[in-house]
Structure formats: C-alpha cells, structure tokens
Amino acid sequence: MTSVEFGYDPQSLLPLVGELHRETANGKQALITGITGQDGSYLAPLLYLQGYDVTGLLRKHPDSSRSRRTGMHPVDQFPYADFAIGDYAYDAFRIFDQTHPDLIFHLAAQPQVGKSFRTAGADSHATGLGVLNILQAVDHFYEPGEVKVYLAGSSEQFGGVPGTIPDVGYNEQIPFNARSPYGAYKTLAFTLGRIFREQGMFVSNGILFNHESPIRGAEFVTRKITYSVAQIALGMQDVIELGNLDAKRDWGFAGDYVDAMRLMMEQDKPSDYVVATGEMHSIRDLLDIAFQQVGIEDWHNRVVSTDKHRRPVEVEWLKGNASRANSELGWTPRVGFEKLIKSMVAHDLELLS
Ligand code: NDP
Ligand code: GDR
C-alpha cells in the first residue's frame with residue numbers, strides 16, 4: 001500500500017503539477033502563508049488544479065524548513081515572496097500592494113501545542129496577534145467583500161474539561177476553553193477575525209481537528225509513531241518514547257481538510273466551520289494499527305511513556321461534530337483512521353528502505 005491510494009498524494013502530485021489536468025485558469029490569485037507546511041503543501045496544488053494562481057509566503061528565519069528545501073519540495077513549484085514574522089505588518093502591506101490576492105489563506109503559525117508552553121512569548125505574535133497585521137492590511141487595500149480571508153483555527157480552542165464531552169462532539173456553538181498558550185492564541189486570532197467580519201470583511205475561520213498525512217511533521221504523535229514503527233520494523237530503533245498514551249483525538253486526512261478550506265472560501269458568505277471526522281481514537285489505538293501493519297501484535301515492550309513528553313496541561317480528548325460543514329459545504333471526510341495510519345506506516349517504510 002502506498003500513500004497514492006489516498007488518490008491525492010503530494011509526493012507524487014506536485015512534481016507532476018504541470019502534466020496534470022488543470023481547470024481553466026480563473027484569473028484569481030490565492031496567497032498562502034505557511035505554504036511550506038503540511039497543509040500548505042496539500043492546499044497549493046489543490047488550488048492550482050482548481051484554476052487559481054498560487055503564491056506562497058515564506059518566512060525568513062533560521063528554523064524555517066525553507067533552509068531544508070531541496071527543489072523537490074511540493075511548494076517549490078509555486079512562486080513565493082519573503083515574509084518576516086517580525087516585520088509582519090510591513091510585509092503584509094508590501095505584499096498585498098504588489099500581488100493584490102483575491103484569496104488569502106493564513107496558515108502560518110507555531111503549530112506545536114506542547115512546545116507552546118515553552119515558547120509562549122514568541123508564539124503570541126506568530127500564532128496570535130500576527131493575524132492583526134493581515135486583517136489591517138486587508139482593511140487598508142480592499143473594499144469590504146473584495147477579498148476572502150481564511151484563518152486556520154483549531155480544536156485546541158475548545159480545550160475541554162477532563163471527563164466531560166458532549167456525545168455529539170464539539171460544534172460551532174460550544175464555547176472555547178483553551179488549555180494551552182497555543183489554544184489561547186488561536187482563540188485570539190479567531191476572535192479578531194470575527195471582529196473584522198462584523199465590520200464587513202470576508203473572514204472564515206476553520207476550526208479544524210487533527211489532520212495528518214505522510215508528510216506530517218515528525219513532532220506530531222501520528223508521524224512520530226509511524227516513522228518509529230517503520231524504524232523498529234527495519235531494526236533501526238528499539239523503543240518509542242511517548243507521553244500520555246490515553247489521550248484521544250479525532251484524526252482525519254489533511255488532503256480532505258484542505259478541501260474544506262477551499263469550500264469555505266467558495267461560499268458567498270463567511271462563517272465558522274468545525275472540520276472533523278466525528279470519530280475519536282486513543283494513542284493506544286494508533287499504536288495497535290501501526291504495529292500490526294509491520295506484523296508486531298504486542299507492542300508493550302516497544303513503547304515507553306515518559307514525563308518528558310507529557311504536557312503541563314493535557315487536553316484528554318477532542319471529538320468534533322462537522323454537521324454544519326457537511327450540510328452547508330457538502331464536505332465529508334473520505335479517508336478513515338485505519339487507512340490513514342496504515343498509509344503513513346507504508347510511506348515511512350518506503351522512505352527508510
Ligand atoms: P506545519 O507544522 O506543517 O506547518 C506550519 C507552517 O507555519 C510552516 O509553513 C512553517 O514555516 C510556518 N511556521 C512555523 N512556525 C512559525 C513561526 N514561528 N512563525 C511563522 N511561521 C511559522 O503545520 P500544518 O500545516 O499542519 O498547520 C497549518 C496551520 O493549521 C497552522 O496554523 C496550524 O496551527 C493549523 N492547524 C493545524 C491542524 C493540524 O492538525 N494539522 C489542526 C488545526 C489547525 P517553516 O516551513 O518556515 O517552518
Ligand atoms: P495536538 O497534536 O497537540 O493535538 O496538536 P500532537 O500530535 O502533538 O498530540 C496529540 C496527542 O498525543 C499526545 N502525545 C504526544 N504528542 C506528541 N507530539 N509527542 C509525543 O511523544 C506524545 N505522546 C503522547 C499529546 O499529549 C496529545 O494529547 C495538533 C497540531 O497540529 C495543532 O497545530 C492543531 O491545532 C491540533 O492538532 C488540532
């Protein structure tokens with residue numbers, strides 16, 4: 001099995017962008033911040049194939065994955081402009097003045113929840129307040145409704161209280177209760193987006209639950225597990241060190257979730273949408289599937305749970321209810337949890353072999 005079975009694989013899709021059928025160019029410019037990340041890498045070709053012209057913004061920072069780009073990265077296919085997080089306001093004004101995009105997908109953020117407890121100061125701008133520069137630049141350069149803005153909200157905004165969960169899952173009506181600096185800053189960005197929307201700007205907030213893929217960053221638990229399991233299967237590693245094995249999440253496939261972003265931006269009116277599968281699984285379930293894929297039935301002597309990987313405050317479970325996205329956008333997830341994890345393990349085995 002390979003990730004191509006998703007029917008939408010950035011690894012194979014992107015180098016082929018020129019050869020795949022592209023809808024007739026619609027003359028619209030889409031600008032993506034965070035284009036180098038997982039979601040940007042799926043969203044950019046999706047929009048391109050839909051007929052949009054895509055430009056990415058890349059940050060000038062030593063930690064940036066830009067320095068690791070090889071010419072083979074999916075987003076190397078698209079033109080880009082520099083975007084310094086410290087000069088966000090200046091850059092946003094300069095870039096909007098030059099490119100005048102029709103759609104803006106603001107995906108850039110420091111996305112690691114656990115890390116955000118240690119980098120809360122820097123993240124306040126990258127994940128939270130920085131969005132204001134984009135919204136103010138839009139306000140300056142555009143008439144109301146002339147441009148559409150997508151903000152990358154998160155299920156971490158719900159946070160939750162241990163032990164309580166609405167059986168139906170979190171939907172757009174449930175109040176936020178962030179339990180990490182990351183969740184708090186995403187809530188700030190979300191709220192600023194709503195305030196500008198009330199003034200007439202087209203701003204849609206996606207409240208996306210966890211979504212993964214073979215190109216998910218290895219800092220996140222799914223890819224950390226699938227990569228380590230592949231290493232164990234190949235005799236390159238003995239054990240995996242993890243944190244809380246009882247945490248439960250609602251995991252979907254990134255390719256499906258970026259399509260929800262596109263659909264939100266193709267609506268006539270802006271709104272907020274939960275995007276989720278509605279199914280929850282534990283880290284133990286994830287380990288079961290990943291190890292079974294390489295023929296290991298009992299993984300207990302292969303996994304160590306350590307405090308080092310636990311968070312100061314943990315969100316025990318998160319389950320979403322995407323009924324609204326389903327009825328208003330016609331969105332449904334196509335890839336289930338088991339298929340997703342198996343495809344990630346298969347991809348990592350291939351990568352390491
Ligand atoms: P990735 O980690 O794959 O990509 C993150 C992107 O943001 C990269 O382009 C990265 O640039 C950039 N970035 C990272 N740190 C900073 C920083 N300090 N300042 C500015 N830019 C930074 O994440 P995803 O693609 O998965 O996520 C995209 C967005 O969606 C994020 O805002 C995330 O918070 C949000 N989100 C993601 C979910 C998920 O499950 N994937 C769920 C809900 C929300 P560089 O390459 O230079 O490092
Ligand atoms: P999350 O994803 O925090 O939900 O944020 P992550 O994969 O980091 O954690 C999911 C759950 O797994 C537990 N866990 C571990 N996590 C990591 N990273 N490493 C470990 O070793 C480990 N062991 C157990 C965590 O405690 C947690 O409960 C992701 C990001 O993409 C955010 O940007 C996004 O907003 C949310 O999903 C929705």
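Arg216 lies over the face of Phe220, 3.8 Å from the ring centre; a charge sits over a ring if NZ of Lys or CZ of Arg is within 6 Å of the ring centre and within 35 degrees of the ring normal. This is a predicted model, in which local features need pLDDT of at least 70 and side-chain atom pairs count only at pLDDT 80 or more, while totals for chains, interfaces and linings use all residues. Residues are numbered from 1 along each chain as its sequence is written, chains are lettered from A and ligands numbered from 1 in the order in which they are written, and side-chain values use heavy atoms, leaving out hydrogens and water.

**Charge over a ring**

- Arg324 lies over the face of Tyr273, at 5.4 Å from the ring centre.

**Aromatic pairs**

- The structure holds ten aromatic pairs (rings of Phe, Tyr and Trp, the last by its six-membered ring, with centres within 6.5 Å; planes under 30 degrees apart are stacked, over 60 edge-to-face, the rest tilted).
- Tyr42 and Phe253 make an edge-to-face pair, 5.6 Å centre to centre with 85° between the planes.
- That pair links distant parts of the chain, 211 residues apart: Tyr42 is in helix H2 (residues 38-49) and Phe253 in strand E10 (residues 252-253). Helices (H or I, at least four residues) and strands (E, at least two) are DSSP runs, numbered from the N terminus.
- Tyr42 is buried at 0% relative accessibility, and Phe253 is buried at 1% (buried is under 20% relative accessible area, exposed over 50%, partly exposed in between, with a 1.4 Å probe and protein chains only).
- Phe158 and Phe176 have ring centres 5.3 Å apart and planes at 55°, so their pair is tilted.
- Both Phe158 and Phe176 lie in the loop between strand E5 (148-154) and helix H7 (181-198), so the pair ties together parts 18 residues apart in sequence.
- Phe158 is buried at 1%, whereas Phe176 is partly exposed at 27%.
- One aromatic cluster is formed by Phe158, Tyr170, Phe176, Phe190, Phe209 and Trp317.

**The cavity**

- A search of the whole structure finds one cavity of 30 Å³ or more (on a 1 Å grid over the protein atoms alone, a set of points where a 1.4 Å probe fits but cannot get out; lining residues have an atom within 4 Å of a point).
- The largest cavity has a volume of about 90 Å³, the volume being the space filled by probe spheres set on the points, which are joined across faces, edges and corners.
- Of its 14 lining residues, Thr127, Leu151, Ala152, Lys186 and Ala189 are the closest to the centre.
- Helix H5 (120-129), E5 and H7 each give two or more residues to the lining.

Methods
On a 1 Å grid over the protein atoms alone, a cavity is a set of points where a 1.4 Å probe fits but cannot get out, and a pocket is an open set with protein on both sides within 12 Å along at least five of seven lines; lining residues have an atom within 4 Å of a point.
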